[in-house]
Amino acid sequence: MTTLLVTHPSFLDHDTGPHHPERPDRLRAVQKGLDDPAFRELMRLDAPAASREELTRVHPENYVEAILGIRPAAGERVHIDGDTVMSHGSAEAIRRAAGAAVAGVDAVMEGRTRTAFAAVRPPGHHAAPALPGGFCLINNVAVAARHAQARHGIRRVAILDFDVHHGQGTQAVVEPDPDLFYASTHQYPLYPGTGSPRERGVAGNVVNVPLAAGTEGETFRAAWADRILPALDTFAPELVIVSAGFDAHAADPLAQLEVETEDFVWLTEELLEIAYRHAGGRLVSVLEGGYDLDALTDAVTAHVRSLMRA
């Protein structure tokens, strides 16, 4: 059983403007890497658009209507804040990014594949229920987690986030619900300034491990092995969802961690082990950050190769 790749051409139409780090070339680089013959066995699916019902399990209806109602004329852009931008094609991309994560959940829960990778943009983990930010407008992984509970009747869903920035939007969804689990390694101090170890959720269901600038792979691995993976194992998830941001890579221009591709591979395999132990191997990975194109391509392709071996 191979891995499902979910993506869509509309993701390239989310135009953030010249010199913006979260640019369409990111996805082009990922798609080019995954078009290599080594990935010919990937199942491939065009991402559907998430429904209003799916989106409003996480975000208030008036928020969803407001975000999807922002449709600048072709060639124009609207700044939601200093970093978060919408263009003429953004609303479609936003719906399909969340829809890609949902489709990945459906595929693994229905037994069509054990693992899925959603190659999407815009990313989502900074989007809180009623507040966008950090390039994010809808929280793709949170929508996927709530969909898994509502559609497939499972209780315990874990979201693991190795993006270099703390996913405060995802944490806001998870922390009041003991049936959800969120864990993150992230550089601190760095945007968004959240993610203290003291933030633990209502039932110890949030685990944050901040990392100092300059942290290398050995310490990154230890943070997961010593702090996060034991807590995840205890939580015993029925589904594992990954916020797969690769901007902790040593080559990334937006942060200063020194993680290498082989460290992401190690972590992917550790998460797969826990997915096998508790969730029948079910794991859905959703692209978040990663802004050096070569490093992003290298890390994503290595990550997906690990998913395919599962």
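1. Helices (H or I, at least four residues) and strands (E, at least two) are DSSP runs, numbered from the N terminus. The model is predicted: local features need pLDDT of at least 70, side-chain atom pairs count only at pLDDT 80 or more, and totals for chains, interfaces and linings use all residues. Residues are numbered from 1 along each chain as its sequence is written, and side-chain values use heavy atoms, with hydrogens and water left out.

2. Overall fold. The protein chain holds nine helices and ten strands. Its radius of gyration is 17 Å, close to the 19 Å from the globule rule for 310 residues, so the chain is as compact as a globular protein of that length. The radius is taken over C-alpha atoms, and the rule is 2.2 Å times the number of residues to the power 0.38. Along the principal axes, the C-alpha atoms fill a box of roughly 50 × 45 × 40 Å.

3. Of the 310 residues, 59% are buried. Buried means under 20% relative accessible area, exposed over 50%, and partly exposed in between (1.4 Å probe, protein chains only). Take contacts (heavy atoms within 4.5 Å). Among those between residues at least 6 apart in sequence, 75% join residues at least 24 apart.

4. Surface and charge. The protein chain exposes about 11400 Å², and carbon and sulfur atoms supply 49% of that. Areas come from the Shrake-Rupley method with a 1.4 Å probe; for residues, only the protein chains shown count as cover. There are 27 positive and 42 negative side chains. Lys and Arg count as positive, Asp and Glu as negative; His and the chain ends are not counted. The centres of the two sets lie 5 Å apart, with each charge placed at NZ of Lys, CZ of Arg, CG of Asp or CD of Glu.

5. Helix 1. This helix spans residues 24-34, and its buried residues are Pro24, Arg26, Leu27, Ala29, Val30, Gly33 and Leu34. They pack against strand 1 (4-7), strand 2 (43-46), strand 5 (115-118), strand 10 (283-287) and helix 9 (293-309). An α-helix has 3.6 residues a turn, so residues three or four places apart point the same way.

6. Aromatic pairs. The whole structure contains six. Rings of Phe, Tyr and Trp (its six-membered ring) pair if their centres lie within 6.5 Å; planes under 30 degrees apart count as stacked, over 60 as edge-to-face and the rest as tilted. Phe246 and Phe264 have ring centres 5.1 Å apart and planes at 80°, so they pair edge-to-face. Phe246 lies in the loop between strand 9 (239-244) and helix 8 (261-279), and Phe264 in helix 8, so the pair ties together parts 18 residues apart in sequence. Both residues are buried. Ring pairs link Phe162, Phe220, Phe246 and Phe264 into a cluster.

7. Backbone points to check. Most residues other than glycine have a negative phi, and most peptide bonds are trans. A cis bond joins Tyr188 and Pro189, with omega about 0°. Another cis bond joins Tyr191 and Pro192, with omega about 5°. Pro189 sits in the loop between strand 7 (180-187) and strand 8 (206-211), and Pro192 lies in the loop between strand 7 and strand 8.

8. Positive phi. Phe135 has a phi of about 80°. It lies in the loop between strand 5 and helix 5 (140-152) and is buried, at 13% relative accessible area. Ala236 has a phi near 55°. Its place is the loop between helix 7 (217-235) and strand 9. At 17% relative accessibility, Ala236 counts as buried.
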